[in-house]
Amino acid sequence: GNTAGAPSITPMTQYADSVHGMARKHGDRDAPTCKDCHGAHGIRAPSDPKSSVSRMNIAGTCGKCHLDSKITKRHTTNMPTPAKIKLYRDSVHGRAVRNQGMTAAAVCTDCHGVHNIKPASQAGSTVSKMLVPETCGKCHEALYRVYEGSIHGQALAKGIKDAPACTDCHGEHAIQRPTEP
């Protein structure tokens, strides 16, 4: 296709339309900027284990704000609660990253996005009801294919919002192994 004249999608343009970028645009000084996540000096590549945005450190980087009671108290209606990060830390994904160093396990940015984070209520959000199966399917491909063919997957694909998605049965942040009670 012809992309001449098409706007370039960059981390900055994604950020500008994200929940953080929009909050900043509307004067919210708590909303993170580039340096809040990446640092101001000595910025390291995400592949560097010492990077604040490496897979091993991303929950802590998000937690700098999302666990800060001074910030969360000011944003009680539109900011995920600190409990969600604590639940994630104790989930199968959080334990795999923290205790076993499994960098393939899901971290905040795998589900919520990186620069393009949108609230679940917004169409196109990776954590919206309609896109959760696809988001989970990025890692759980075989299960996603089974879900797509199931009555639940087919119903959701038809726009039936009452049809269960992955998080309706497995939870969101406190996901456990199927073998756990």
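Helix 4 passes helix 6 in a left-handed crossing, a crossing being left-handed if the near helix is turned anticlockwise from the far one by less than a right angle, and right-handed if clockwise. The model is predicted, so local features need pLDDT of at least 70 and side-chain atom pairs count only at pLDDT 80 or more, while totals for chains, interfaces and linings use all residues. Residues are numbered from 1 along each chain as its sequence is written, and side-chain values use heavy atoms, with hydrogens and water left out. Helices are DSSP runs (H or I, at least four residues) numbered from the N terminus.

**Helix 4 against helix 6**

- The axes of helix 4 (residues 58-66) and helix 6 (residues 82-89) come within 9 Å and cross at roughly 155°. This angle makes helix 4 roughly antiparallel to helix 6, a label for angles over 145 degrees.
- These axes are lines fitted to C-alpha atoms over the stretch in contact, with angles from 0 to 180 degrees between N-to-C directions.
- From helix 4, Ala 59, Gly 60, Cys 62, Gly 63 and His 66 meet Pro 82, Ile 85, Tyr 88 and Arg 89 of helix 6; contact means heavy atoms within 4.5 Å.
- The residues of this contact comprise five nonpolar, three polar and one charged. In this scheme, Ala, Val, Leu, Ile, Met, Phe, Trp, Tyr, Cys and Pro are nonpolar, Asp, Glu, Lys and Arg are charged, and the others, Gly among them, are polar.

**Buried face of helix 4**

- Ile 58, Ala 59, Thr 61, Gly 63, Cys 65 and His 66 are the buried residues of helix 4 (under 20% relative accessible area, with exposed over 50% and partly exposed in between; 1.4 Å probe, protein chains only).
- These buried residues pack against helix 2 (19-25), helix 3, helix 5 (69-74), helix 6 and helix 8 (108-112).
- His 66 counts as buried because its relative accessibility is 18%. Beyond residues up to four places away in sequence, His 66 touches His 20, Thr 72, Met 79, Pro 80, Thr 81, Pro 82 and Ile 85.

- Arg 55 is located in the loop between helix 3 (34-38) and helix 4, and its 28% relative accessibility makes it partly exposed.
- Leaving aside neighbours within four places in sequence, the contacts of Arg 55 include Pro 46, Val 97, Thr 103 and Val 107.

Note on methods
Helix = DSSP H or I, 4+ residues; strand = E, 2+ residues; numbered from the N terminus. Parallel < 35°, antiparallel > 145°, perpendicular 65-115°, else oblique.
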